[in-house]
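Let's take a friendly walk through the charged side chains of this protein. Keep the structure open as you read, and look for each residue as it comes up.

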Amino acid sequence: MPKKLVRVSPKKPESKIDRRLIPGSQFGEGGMSILLDAFDTNLMRTVAMKVLHEDMEKDEQALGKMIMEAQITAQLNHPNIVPVYELGMDRKKRLFFTMKRVNGRPLFEVIREQNFSSRTERELFQMVQIMIKVCNGVSYAHSKGVLHRDLKPDNIMVGNFGQVYVMDWGVARVGSDEKSSADDPQMPELKKRKEYHIKTEHMGAVVGTPCYMSPEQAQGDLEAMDERSDVFSLGAIIYEILTGSPPIQGDSLYQMVMSARKCEIQFPYERVNFPLPRGLVKIAMKAMSKAPEDRHQSVAELKNDLENFLAGGWHFPVKKFKPGDLIVREGDPAEEAYIIRRGRCRVFKETDGKTIEIRTMGIGDVFGEAAVFAEMPRTFTVEAIDEVVLAVVTRHHLEESLGLGAWLGLFMHALTERFRLEVQHARHLEEKLKKKST
């Protein structure tokens, strides 16, 4: 693919709109407007140009909505919010505004391309990183008193070089007391994706997309809506990242709004037949709690949970074992510790030809860490009961996380050394008892 190099043209800037902004081909369409590629001859760059539909050029309400969208977005100066460049009238006297032309794909396309049953840890890591950037943008908007109210994978653009932009602030609400450009009785058309192409209906003051909508938003309760309503929608996007489909279902717009009002959400484990990361499921379900007070109380709080999830070991390499496989053997040298991602394991010990069952472990359980720290042989044998997937944590990972010279690292080393001495003492007593019995 040939590189698109930077171009320059050292000529005086054009002042006439038809000379400095040249519209090109259409690449998108909404309920009220179309999106065109346009070339800015003064700055020598391609921009996205949003223009009202011809049949709405005299609609004062539509004009007002578009102006407010441009003004709101232009004032949200953040790396994860699409920048607006200009608001004006073109040579045909049509209202337009221009913004950054993002070279990339909407998040829903990225989600659709994933093979969920064989998704890698790296792919999941990248998706969570995208959501952290989205949280950064939305949290900034909230700090400026702006609610997005239509957060969904369609309105998140993922660039080719790691950029992430929150798009389409057309139904955003400014402040708690000001009337939004979108607080009217008509629900916007859902025609960006075929599976959500549903005929527009009138449902009070409901705005947004029902399959990502909080109960209070689905009720049209403007006074009850706050930052936590956007938190709900972000949780719904995480739900779709996990399962491949939005949380709220329905055969019609009416059914979807009714389900959203009741907050009828099927638990992710019931929706799919492949393993899901328990920590991320917990985050999504908390964000989508029916009562706002049970959700994350801010987008910053949700972002913090996502960052903690990534720090919890999901970037570690994995190993897989079949039922009956021995994962570690008693007496073997200890070089790695493990976190169980999928399946169950049994822990046992062989004594005088007898098998002594110690315990059964499941998802989230950790084993092998003490032997790694103490640099001692394994004291137990661990066997896979089911198909087991383990995150592998090396001694280097442990020391890097704790800090080799940090106080917590010193305490861990002291505890494991004490454990090692206790094990030696127990073995010594065991040997004495054997000698006495013989």
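This is a predicted model: local features need pLDDT of at least 70, side-chain atom pairs count only at pLDDT 80 or more; totals for chains, interfaces and linings use all residues.

How exposed is each partner? Glu240 is buried, because its relative accessibility is 0% and the cut-off for buried is under 20%. Arg112 has a relative accessible area of 35%, so Arg112 counts as partly exposed.

Next, turn to Asp386 and Arg344, whose side chains form a salt bridge at 2.8 Å, N to O. Asp386 sits in the loop between strand S17 (381-384) and strand S18 (388-394), while Arg344 sits in the loop between strand S13 (336-342) and strand S14 (345-351), so this pair ties together parts that are 42 residues apart in sequence.

## Other salt bridges

How many salt bridges does a search of the whole structure find? The search finds 17. Among them is the one between the side chains of Lys262 and Glu264, at 4.0 Å from N to O. Glu264 is partly exposed, at 43% relative accessibility.

Salt bridges can also link up into a network, and Arg346, Glu357 and Glu383 are joined in this way. As a general point, side chains of opposite charge can pair when their charged atoms come close.

Which residues form a negative surface patch? They are Glu54, Asp55, Asp59 and Glu60. Glu60 is found in helix H2, which covers residues 60-75. Glu60 counts as exposed because its relative accessible area is 61%, and exposed means over 50%.

## A buried serine

Finally, have a look at Ser214, in the loop between strand S10 (173-174) and helix H5 (215-218). Its relative accessibility is 0%, so Ser214 counts as buried. The side chain of Ser214 makes a polar contact with the side chain of Glu216, at 3.3 Å.

Definitions and conventions
Residues are numbered from 1 along each chain as its sequence is written. Side-chain values use heavy atoms; hydrogens and water are left out. Patches are made of residues with over 30% relative accessible area and no salt bridge: like charges are joined within 9 Å, nonpolar side chains (Val, Leu, Ile, Met, Phe, Trp, Tyr) within 5 Å. Accessible areas come from the Shrake-Rupley method with a 1.4 Å probe; for residues, only the protein chains shown count as cover. Lys and Arg count as positive and Asp and Glu as negative; His and the chain ends are not counted. The place of a charge is taken as NZ of Lys, CZ of Arg, CG of Asp or CD of Glu. Helices (H or I, at least four residues) and strands (E, at least two) are DSSP runs, numbered from the N terminus. Buried means under 20% relative accessible area, exposed over 50%, partly exposed in between (1.4 Å probe, protein chains only). A polar contact is a pair of N or O atoms within 3.5 Å; within protein, one must be able to donate a hydrogen and the other to accept it, and residues adjacent in sequence count only if both atoms are side-chain atoms.
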